[in-house]
Amino acid sequence: MIQQWLQGSKSCTGQTTPKRAMREILDGPSPYCTIPSEHLYSFFKDAFDHTAQYGALRPDCLRPLPHIDEATALETDFTPKEVLARVSKTKNTAPGKDGIRYSILKKRDPICLVLATLFNQCKQFCQTPSSWKKAMTVLVYKKGEWDDPSNWRPISLCSTMYKLYASCLASRITEWLVCGGTISSTQKGFMSCEGCDEHNFVLQTIIEMARRAWRQCTVAWLDLANAFGSMPHHHIFATLQEFGMPENFLRVIQEMYEGRSTTIRSVKGETAEIPIRSGVKQGCPLSPIIFNLAMEPLLRAISKGADGFNLHGERVSILAYTDDLVLTADIPENLQRMLDATSRAADWMELHFNAKKCASLHTDGSKMDSVQATEFQIQGEPIIPLAEGQAYRHLGTPTGFRV
């Protein structure tokens, strides 16, 4: 009924605008992925069809998570003003499968009274409209072989009403976490204070300090395979519960993850619907904070007892930007010990590191050849060591020794 009301003014969205016509003329070939649809369907069906492995013993390296007792930020109703604040920040980006854009929502419900009422009903009864759970995934090329689906980043185009609802929930969860002080200070991804430049600066400073002071320095860049798409749902919910999320609010999140599906957009059209039984959706406002929370056990396992690298009197052991992880230590033995803890925690969380896309660096200024070809391992697989002059692109910045 709500959707029919909104679609009363949807016809204007089907018109070809001058901007769209110019883009079609100048862009040339279709930007959509050219991998055959059947290959994409098979790949993502396997990626999203994670089989839960309950009962694995929690490794000793995992610290207990802090419990947040205060839950007022989660339990109060959404106000029209609160929803309007989220709507005012939106741009008229690509809509979901229903074709409803943010401009339609702004026109039909200018003070967000209807949306606030709808969202409160969804939260109260722990029910999400089934149409909100259907998405279309477009693939954005990253790097590597064009015919390898893992080299394409999946972005979900969800319903605009779903994204507003998820954005309101994400804002509440973030407020709850900030008040509880639970997110590790080393995690800079999708946080209120942008930390991409900070992490790059710290890492460059560590390598440069080791070079100038003739000190030992070891670094490992870690790449999680299909990080957003492979995070098990049971681990996500168990982590939220351990943090102290109230049962009713946790059920809201769990219900949103039930019965989800997506199609994959290729140059020849959409694939059949694929059930999503694992991971978080890239493009969903709720995904960043949920993913960061789910990563907390791993970060705390790495930092537990880690010696790290002594940078001006402070020990730096891990730099995290969502799923991009960098471990630092002074001597190889300490770094490998951290990698072992990382492996045990990742095995328990049912995550896998792509060793072929990881890299390590070991410098020792006391020796003639400053860069040592020391081999490190993650989850039993060797990590590629960097030589002098070689770089690893970390958060968009090439990083290495004498780079």
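**Close-up views of a predicted model**

**View 1. His233, a buried helix residue.** At 11% relative accessibility, His233 counts as buried. This is a predicted model, by the way, so keep that in mind for each view. His233 sits in helix α11, which covers residues 233-243. Look at its side chain: one of the polar atoms there lies 2.9 Å from the backbone oxygen of Gly279.

**View 2. Thr271, tucked into a loop between two strands.** You'll find Thr271 in the loop that links β5 (269-270) and β6 (274-275). With a relative accessible area of 10%, Thr271 is buried. Its side chain reaches the backbone nitrogen of Ile264, at 3.0 Å.

**View 3. Asn226 and its positive phi.** Asn226 isn't a glycine, yet its phi is positive, at about 50°. For background, most residues other than glycine have a negative phi. Asn226 belongs to the loop between β3 (216-223) and α10 (227-230), and at 38% relative accessibility it counts as partly exposed.

View 4. Glu350 counts as buried because its relative accessibility of 14% is under the 20% cut-off. Lys357 is in the loop too, between α14 (332-349) and β11 (359-364). Lys357, though, is partly exposed, with a relative accessible area of 32%.

Methods:
Residues are numbered from 1 along each chain as its sequence is written. This is a predicted model: local features need pLDDT of at least 70, side-chain atom pairs count only at pLDDT 80 or more; totals for chains, interfaces and linings use all residues. Side-chain values use heavy atoms; hydrogens and water are left out. Helices (H or I, at least four residues) and strands (E, at least two) are DSSP runs, numbered from the N terminus. Buried means under 20% relative accessible area, exposed over 50%, partly exposed in between (1.4 Å probe, protein chains only). A polar contact is a pair of N or O atoms within 3.5 Å; within protein, one must be able to donate a hydrogen and the other to accept it, and residues adjacent in sequence count only if both atoms are side-chain atoms.
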